[in-house]
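Please view the sequence and the structure below before reading on.

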Amino acid sequence: MMPLYPGICDPLHVPNGPGDERIHVVSLIDDLAVTGGGAETMARELALRLDPTRFRCTLCVTRLSPGQPNGAELALIRELEGQGVRVLSLARRGKLHLHAWRPLVSYLRRERVQVLHGHMFGSNVWAALIGPLAGVPVVVAHEHGWSYEGQPMRRILDRVLVARSSDAIIASSELARARMIEVERIDPRRTRLEYIRNGIAQPVPSGRPVRADLGISDGAPLVLAVARLDPYKSLPVLVQAAAQLRDEFPGLRVAIAGEGRERGRLERLIAELRLGDVVRLLGARSDVPDLIAACDVATLCSYSETTPLAIMEYMALEKPVVATRAGGIPDLIEDRVEGLLIPPGDSSALAEAIATLLRDPEFARELGRRAGERQRRDFSIDSVARRVEALYRELLLARSEPTLQLRPRRRRPGRVRRPQSATPRDGDG
């Protein structure tokens, strides 16, 4: 098989080094999501931050298009491989493109992969099917969000397939874990449900004058939302709040960075409310840290969330946050300590909270300072990586120690090899 991308290492042709006893982890994601996507970002960052002396990582991207990737994708692939993370693309064209999975099954068997870690629902389902088939000792499912209301088939697959074929399911919020038990009826006595909150790497703005690029004057109040344009993000509420704010704050600009299926609806609402000079849909952006650094207030008005990375990025750059009391958001922000919390779906409450921060810049700066302190203390990607490492080692030990057996999974027959590095060293948590 020829390399997928000229000049980029083809993982199918890179054998293990002799005597390499590191735990081999394959993370499964749909795409690279260069310009956004919380689950994809978490998967990439975890792969980069696992201890390279104990783990080696392959990132399997199932829907990256064949042929030459675009410049941003190519740069990201080179960065990953330059830091020791192999990138494997399956170039899957759709749900029924089953033949595309054969290279991954072969890779898992030949490379004696010890952990297969799926990220989000689709990858969790495929990991639950392929992991046992390929004889992978440990399968981990990772649910970065939970919005399965009205989707009974997803709930059934989670309970019947993912939970029964996975050694653990990671939930990124206590609320998501509770919903797995109460709504999906996953039995925590049979399936390990591990709460590991999300974390981020410190975002670093480039210093580029993004306000000038967008035609926004330095003195104009700028409110920012970084969000996928999906219904659960409730972005029409932000547009309606902008209509209530424009008279009090001349020159107000509201920027929404993200792309998605709600674009048409938002464009129509902006036109209906005559907000074309106030609200800007910026699309997918690769300069999110610059946008955050340039704004006066950062917001997220979702009606359903777990632990959104966008809020952590706002906090890391010490921006005052207005967000909804939805899902795991109150676990990130205490009202009037690190930000302001409002009820979901209430455009008047959102407008008043934004106005409070714009009227009192000193209060806004204090909220931002406290938010930055909390993010650095509680929501760093390195702390997440250490907890995930510990989970991998515990699950591998349970598979290899007769006295610590996990419940059996159907798998290909064969002895599970116990890597030396699966044993916790002195001082490990």
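A residue is called buried when its relative accessible area is under 20%, exposed when that area is over 50%, and partly exposed in between. The model is a predicted one, and side chains of opposite charge can pair when their charged atoms come close. With a side-chain nitrogen of Lys or Arg required to lie within 4 Å of a carboxyl oxygen of Asp or Glu, the count comes to 33 salt bridges.

| Pair | Distance |
|---|---|
| R49 and D382 | 3.6 Å |
| R56 and E111 | 3.6 Å |
| R386 and E389 | 2.8 Å |

R56 belongs to strand β2 (residues 55-61), while E111 sits in the loop between α3 (102-110) and β4 (115-119), and the pair links parts of the chain that are 55 residues apart. E111 has a relative accessibility of 4% and therefore counts as buried, and R56, at 7%, is buried as well. Both residues also take part in a network of salt bridges that links D20, R22, R56, R86 and E111.

R49 is partly exposed at 25%, and D382 is partly exposed at 38%.

R386 and E389, by contrast, both lie in helix α15, three residues apart, which is about one turn of the helix. R386 is partly exposed at 37% relative accessibility, whereas E389, at 5%, is buried.

Definitions and conventions
Residues numbered from 1 in each chain as written. Predicted model: local features only at pLDDT ≥ 70, side-chain atom pairs only at ≥ 80, totals over all residues. Heavy atoms only, no water. Buried < 20%, exposed > 50% of the residue type's maximum accessible area, 1.4 Å probe, protein only. Helix = DSSP H or I, 4+ residues; strand = E, 2+ residues; numbered from the N terminus.
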